Structure formats: C-alpha cells, structure tokens
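Please read the points below with the sequence and the model side by side. They are meant for someone who is meeting this structure here, and they go through it element by element.

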Amino acid sequence: MTELPSSMDRRIKKSKAALKDALIQLMQKQSFKEISITDIVQLADLNRGTFYRHYQYKEDLFNEIIDDIIKDLVFSYREPYLDKEIFEVSHMPSSAIKIFEHVHQHAQFYTLVVKSEASSNFQQMICDVLRDLALQDLNEIFPSHINRELLASYQSHAIFGMIIEWIRQEFKHSPAYMADELFKIINYKPGNVVYHTPYKAP
C-alpha cells in the first residue's frame with residue numbers, strides 16, 4: 001500500500017523538528033564545532049540515514065533553523081497591518097503586536113543566541129530584518145524631517161534591545177506585557193522636557 005503524501009509530509013516535518021530541537025539542546029551545553037551528527041540523531045532518537053535524507057551537513061540543519069526563525073519573525077512583525085489598507089499606529093491595540101509571542105515561542109533559540117557566542121552575527125541579522133521591514137512596509141508613516149534609514153535602524157535596535165533585556169530577565173514578563181510596554185514607548189511623546197541633573201561641575 002502506497003503511503004499518502006500527507007502522511008509522508010507529517011513524518012518529514014516531525015523528523016526535521018526533532019533534529020532541530022536536538023541541535024538547539026546540544027548547543028546549550030557545548031559549542032557548535034564540538035557537536036557531531038551522531039550526537040544530533042541520538043538525541044533526536046533517529047538514525048543517520050534520516051538526517052542525510054534531509055541535510056548534508058549539520059550547518060545545513062542550523063541554517064534551516066535560522067531561515068525558519070526569520071520567516072516567522074517577518075510574519076509576526078507584519079501581522080498587525082497584514083491585509084489592512086489603512087494602518088494607524090496610534091490606534092493599534094497592544095494585543096496586535098505579535099513579535100514578543102514569536103520570541104517566546106522560540107525562547108530556547110533566542111536565549112541561546114543572546115547568552116552564548118553561537119551565531120554571533122544573528123543579533124545583527126535580526127536588527128537588519130526589522131530595519132528592512134520598517135523601510136519596506138512602513139516607509140510612508142515615517143516623518144519627512146527625519147532620516148528614514150537612521151530612524152528604522154534606531155527602532156530595530158530598540159526593539160531588539162527590549163528582547164535582550166527580556167531574555168536576561170528570564171522571560172519574567174508575559175508576551176502581552178512586553179507588547180503593552182512597547183506600545184506605550186511607541187506612543188510616548190516627551191516633548192521638550194526640562195529636568196534637573198544631580199551632577200554639578202567642580
């Protein structure tokens with residue numbers, strides 16, 4: 001009896017997910033260079049043949065993990081304004097912000113990236129993705145008197161800075177709380193605030 005394609009697809013997805021989870025778990029304990037394909041398949045409870053049906057090298061597996069994360073990040077960023085003709089940031093509810101749900105869903109990977117030297121360029125890659133999304137999708141709402149590239153870069157690093165702090169605090173706040181705080185920051189307009197500094201020149 002021939003196996004149905006949908007059944008095959010489910011099996012492939014399950015095997016790939018197990019391999020990805022295994023690699024991330026191993027990377028929490030040892031460097032990527034030290035991890036062997038045997039280590040990965042043993043932890044995933046699969047055989048080497050299954051690994052080589054999908055990947056040639058462990059680097060291929062890791063790169064697919066990154067691709068998956070980036071695709072999901074892009075979707076979560078765009079979700080508040082997806083299929084909307086008009087998008088007003090000030091009228092957007094904080095519950096529409098999905099990027100923190102994305103990070104929480106992939107908490108193990110983001111924690112690994114922030115707390116270790118694994119994929120040292122990944123943090124910059126995330127900021128670049130957020131920057132490019134803002135320039136591509138939200139270019140029209142940027143104020144004309146501010147350099148758009150600089151503003152997009154500033155915003156992307158600010159968002160990722162919140163993510164880093166959230167991870168350092170071991171996700172003590174919920175994704176909804178983080179979204180609400182980001183929403184308040186976006187809508188905060190300090191104006192020309194005057195304040196007294198504690199510092200006095202000698």
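1. The buried residues of α8 (148-168) are covered by, among other things, α5 (99-105), α6, α7 and α9 (175-186), where helices are DSSP runs of H or I of at least four residues, numbered from the N terminus. The buried set in α8 consists of Leu151, Ala152, Ser156, Ile159, Phe160, Met162, Ile163, Ile164, Trp166 and Ile167; buried here means under 20% relative accessible area, exposed means over 50%, and partly exposed is what lies in between, with a 1.4 Å probe and protein chains only. This is a predicted model, in which local features need pLDDT of at least 70 and side-chain atom pairs count only at pLDDT 80 or more, while totals for chains, interfaces and linings use all residues. Residues are numbered from 1 along each chain as its sequence is written, and side-chain values use heavy atoms, with hydrogens and water left out.

2. How far does α8 reach from its first C-alpha to its last? With 21 residues, α8 reaches 30 Å, close to the 30 Å expected at 1.5 Å a residue, the expected span being 1.5 Å times one less than the number of residues. At the start of α8, a side-chain oxygen of asparagine 147 comes to within 3.0 Å of the backbone nitrogen of glutamate 149.

3. Leucine 151, which belongs to helix α8, counts as buried because its relative accessible area is 14%. Apart from its neighbours within four places in sequence, leucine 151 is in contact with Phe142, Pro143 and Ile146, a contact being heavy atoms within 4.5 Å.

4. Most residues other than glycine have a negative phi. Glutamate 170 sits in the loop between α8 and α9, and it is classed as exposed because its relative accessibility is 60%.

5. Aspartate 45 is placed in the loop between α2 (37-44) and α3, and its relative accessible area of 69% is why it is called exposed.

6. Helix α7 (residues 122-137) packs with helix α6 (residues 107-115) at an angle of about 115°, their axes being 9 Å apart; the axes are lines fitted to C-alpha atoms over the stretch in contact, and angles run from 0 to 180 degrees between N-to-C directions. On the α6 side the contact is made by Phe109, Tyr110, Val113 and Val114, and on the α7 side by Phe122, Gln123 and Ile126. Sorted by class, this contact of α6 with α7 has six nonpolar residues, one polar residue and no charged residues.

7. Helix α7 has 16 residues and spans 22 Å from its first C-alpha to its last, close to the 22 Å expected at 1.5 Å a residue.

8. Serine 76 is part of helix α4 (residues 58-78) and counts as buried because its relative accessibility is 5%. A polar atom of its side chain lies 2.8 Å from the backbone oxygen of leucine 73. Not counting residues up to four places away in sequence, serine 76 touches Lys98, Ile99 and His102.

9. For residues 36-55, UniProt lists "DNA-binding region" in an unreviewed entry, and such annotations may be inferred rather than shown by experiment. In the model, the chain over residues 36-55 is 75% helix and 0% strand, with its end C-alpha atoms 13 Å apart.

Methods
Helices (H or I, at least four residues) and strands (E, at least two) are DSSP runs, numbered from the N terminus. A polar contact is a pair of N or O atoms within 3.5 Å; within protein, one must be able to donate a hydrogen and the other to accept it, and residues adjacent in sequence count only if both atoms are side-chain atoms. Ala, Val, Leu, Ile, Met, Phe, Trp, Tyr, Cys and Pro count as nonpolar, Asp, Glu, Lys and Arg as charged, and the others, Gly among them, as polar.
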